[in-house]
Amino acid sequence: MSRRGAGDVEYRQMYIGGKWVDAETGETFGTVDPFTGKVWARAPLGGAADVRKAVRAATDALSGPWGTMSASARGTLIRRLGQLIAEHTEELAEIETTDNGKVIRETRGQMAGLPATYEYFAGAADKIQGSTIPSPHTNFFTYTRREPIGVVAAILPWNSPLYLLASKLAPALAAGCAFVAKPAEQTPMSTLKFAELVAEAGFPDGVFNVVTGAGATGAALSADPGVAKVTFTGSTATGTAVMKAAAEHIADVTLELGGKSPNIVFADTDIEAAMNGVMAGIFAATGQTCIAGSRLLVAREIHDELVGKLAERIKTIKLGDPLDTATEVGPIAFDGQLDKVCSYVEIGLGEGATLVSGGRRPTEGDLRDGYFFEPTILTGVRNDMRVAREEIFGPVLSVIPFDSEEEAVRIANDTAYGLAAAVWTRDIQRAHRVAHQLNAGSIWINSYRVLAYNVPYGGFRQSGIGRENGLEGLDAYLQTKSVWVELTGASRDPFKLG
């Protein structure tokens, strides 16, 4: 597969109100291919004026054809969008891999799965129902309506832009909301290409808008008083800032934030299966996932055996061009993130951890030009070390031994986060017992890193607020209106309630 941007640098405009536009200032910014370290595409550097224009376009859409469209008609458009994604799977996967370095075998899988997400919520669009409520006042008939929350602002991460956009956009469209997306400045191109499909699907102007830019652009979007809800996926620190900005105008929020997820391996497990689960949890996607199983909690009696197997398997991992289907681990998404990963390994070693594997940037061949970092295992880690408490967002595994089930649960829950966790054991009673005690939003038993569009996903504590996917994900974009109908027509005392 040839590399995109090998010749001229590609440029895409923003999509606002059904039109392709440049930034009001005319400024642009470059996005870097993390395999080559070179700019391959450019996008408009949107600012507050562009954000305001996009929010106004979304607001107008709600009072236009989109606001009066039937739920079944909305579902038809959402279904058509899913079909178009299916027709452009390869192109979308290639763009995303070029933009963030995730291996093509994974982006292809993500893109191929997106139509099912849109199909699911297309089917849910005309299933949104209110209820009738027996009134204590016999002269009243009361019922509720479930209505769209309004204009939704989505601030997207760089690790899986379209996959995570789907978990926000599909239910928002099903609910009847209008949408403004702000992709990460490192990875704007797949979202801009996606906007072409939205237009082709036939959505009314302003229903879906894309504003590109840096952190200030996202901050302006979060703070815009025309936004009724902000949905954000990213770091806890940025999520806190988003929540504060939204609170200034009492906007609702859904926040999917960081994690320091424990992968707990008991001595009675199938050790080969556990090894594969640990690998998938931390080294797949180069460790750049919120649910990364970055803390391996392993029973002391099998600690050395499991670490040894992991170290041997790491030797066979193929790092390389993420567009090559043989590549298993691609580069870190951008240079600043690479620097962060490097610094955390040094921090861990300074705190007393032992480096078993990896821990450096490759220096040979094509890898030296890209943002690569070797899959890394640190042992001798205590749960009070920074590498065990702070999100690294890279291929760095911190191994912590435990001596009992109670200790494993205590260590697992001794974190500010609560996004995900896994339990590896052949004891079904222990599996459920431990799963019930873990403070996290998603728990896997004898597996790791499995998600689905119809299963709620989100975090406890500093890992976020609210849920995405499933019917809970749809509910996040709806609000309830109560309607009281007086049945008798009789006059009433104006100073008496009821």
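Predicted model: local features only at pLDDT ≥ 70, side-chain atom pairs only at ≥ 80, totals over all residues.
**Domain record.** I looked up the UniProt annotation, an unreviewed entry, and found that it places the feature "domain: Aldehyde dehydrogenase" at residues 20-483. Over that stretch I read 41% helix and 19% strand, with the end C-alpha atoms 41 Å apart.

I then followed an open sheet of three strands, which run in the order 6-7-21 with antiparallel pairing; strand 6 (132-133) and strand 21 (478-486) are its edges, each pairing on one side only. Between strand 6 and strand 7 (residues 140-148) I noted two bridges in the antiparallel sense, and I found Ile133 opposite Thr142 of strand 7.

**Largest pocket.** I noted about 650 Å³ of space here and a lining of 30 residues, with Trp158, Phe232, Gly234, Ser235 and Thr238 nearest the centre. Helix 8 (215-223), strand 11 (229-233), helix 9 (236-247) and helix 12 (335-350) each supply at least two lining residues, and helix 9 gives the most, with four. By class I recorded 15 nonpolar, 10 polar and five charged residues in this lining.

**Second largest pocket.** For this one I noted about 520 Å³ of space, lined by 27 residues, of which Gln110, Ser160, Tyr163, Leu164 and Leu451 are closest to the centre. The elements giving two or more residues to the lining are helix 5 (104-124) and helix 6 (161-175), and helix 5 contributes the most, with six. I recorded its lining as 12 nonpolar, 10 polar and five charged residues.

Notes:
Residues numbered from 1 in each chain as written. Heavy atoms only, no water. UniProt positions renumbered as here; feature names shortened; annotations may be inferred. Pairing = 2+ DSSP bridges. 1 Å grid on protein atoms, 1.4 Å probe; cavity = no way out; pocket = protein on both sides within 12 Å on 5 of 7 lines; lining within 4 Å. Points joined across faces, edges and corners; volume = space filled by probe spheres on them. Nonpolar A, V, L, I, M, F, W, Y, C, P; charged D, E, K, R; others polar.
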